[in-house]
Amino acid sequence: MNRRKIILICSLLLYFTISFGTLIAQEKKTGSNDDLLKDSLYVVNKVKVLNYSLKQFDQLFFEFFRKKSDSQLVLTKSEFYSYTIRIAIFSDRLAALYPEQKQTAAENKKKWFAESYQDYLLSKASVKK
């Protein structure tokens with residue numbers, strides 16, 4: 001009886017130690033407003049963008065670059081991230097269509113998710129000077 005209690009206690013301690021260690025080892029995400037906006041845009045647009053044709057994606061892509069390069073127009077944060085996140089989501093579709101390009105698609109998705117509105121505003125300011 002005493003031996004069973006010791007084994008049970010040791011088992012429970014081991015279980016909680018492993019569980020706690022796993023929680024600590026998880027990557028901590030900074031909860032910046034930009035990240036929250038990007039995540040919400042991703043959820044809202046995912047299904048729609050995964051069903052885009054290549055023609056629809058091309059229209060989105062060129063519309064974004066046309067607006068981004070227009071010196072008279074400054075996109076809002078929401079508009080800017082709406083474009084970049086939809087472009088990033090389309091990388092998932094490309095990875096599904098072309099499995100041999102999965103790595104490239106993942107890198108492109110990461111690149112588009114990393115786009116920064118601050119950098120965009122700085123580039124707009126430098127063009128105006």
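## Helices α4 and α5

Helix α4 covers residues 77-97, and helix α5 covers residues 102-113. Their axes come within 8 Å and cross at roughly 170°. Axes here are lines fitted to C-alpha atoms, for helices over the stretch in contact, and angles run from 0 to 180 degrees between N-to-C directions. α4 and α5 are therefore roughly antiparallel to each other. Angles over 145 degrees count as roughly antiparallel, under 35 as roughly parallel, 65 to 115 as roughly perpendicular, and the rest as oblique.

Which residues of α4 meet α5? They are Thr84, Ile85, Ile87, Ala88, Ser91, Asp92 and Ala95. On the α5 side stand Lys102, Ala105, Asn108, Lys109, Trp112 and Phe113. Contact means heavy atoms within 4.5 Å. By class, the contact of α4 with α5 has seven nonpolar, three polar and three charged residues. Nonpolar covers Ala, Val, Leu, Ile, Met, Phe, Trp, Tyr, Cys and Pro; charged covers Asp, Glu, Lys and Arg; the others, Gly among them, are polar.

## The model and its make-up

This is a predicted model: local features need pLDDT of at least 70, side-chain atom pairs count only at pLDDT 80 or more, and totals for chains, interfaces and linings use all residues. Residues are numbered from 1 along each chain as its sequence is written, and side-chain values use heavy atoms, with hydrogens and water left out.

The protein has six helices and zero strands. Helices (H or I, at least four residues) and strands (E, at least two) are DSSP runs, numbered from the N terminus. Buried residues make up 24% of the 129 residues. Buried means under 20% relative accessible area, exposed over 50%, and partly exposed in between (1.4 Å probe, protein chains only). The accessible surface comes to about 9,700 Å². Carbon and sulfur atoms hold 61% of that surface. Among contacts between residues at least 6 apart in sequence, 78% join residues at least 24 apart.

## Helices α3 and α4

Helix α3 spans residues 54-69. The axes of α3 and α4 come within 10 Å and cross at roughly 145°. From α3, the residues in contact are Leu54, Phe57, Leu60, Phe61, Glu63, Phe64 and Lys67. They meet Phe80, Tyr83, Thr84, Arg86, Ile87 and Phe90 in α4. By class, this contact of α3 with α4 has nine nonpolar, one polar and three charged residues.

## Helices α2 and α4

Helix α2 runs over residues 33-50. α2 and α4 pack at an angle of about 50°, with their axes 8 Å apart. That makes α2 oblique to α4. The α2 residues that meet α4 include Asp34, Leu37, Tyr42 and Val49. Among their α4 partners are Lys77, Tyr81, Ile85 and Phe90. By class, the contact of α2 with α4 has nine nonpolar, three polar and seven charged residues.

## Two residues up close

Val44 is found in helix α2. Is Val44 buried or exposed? Val44 is exposed, with a relative accessible area of 64%. Along the chain, Val44 and Ser82 are 38 residues apart. Their C-alpha atoms are separated by 9.8 Å.

Arg93 has its place in helix α4. Arg93 is partly exposed, with a relative accessible area of 26%. Which residues does Arg93 touch, not counting those up to four places away in sequence? Arg93 touches Val49, Leu50 and Tyr52. The C-alpha atoms of Arg93 and Ser53 are separated by 9.7 Å. Along the chain, Arg93 and Ser53 are 40 residues apart.

Definitions and conventions: Areas by Shrake-Rupley, 256 points an atom, 1.4 Å probe, with all protein chains shown as cover.
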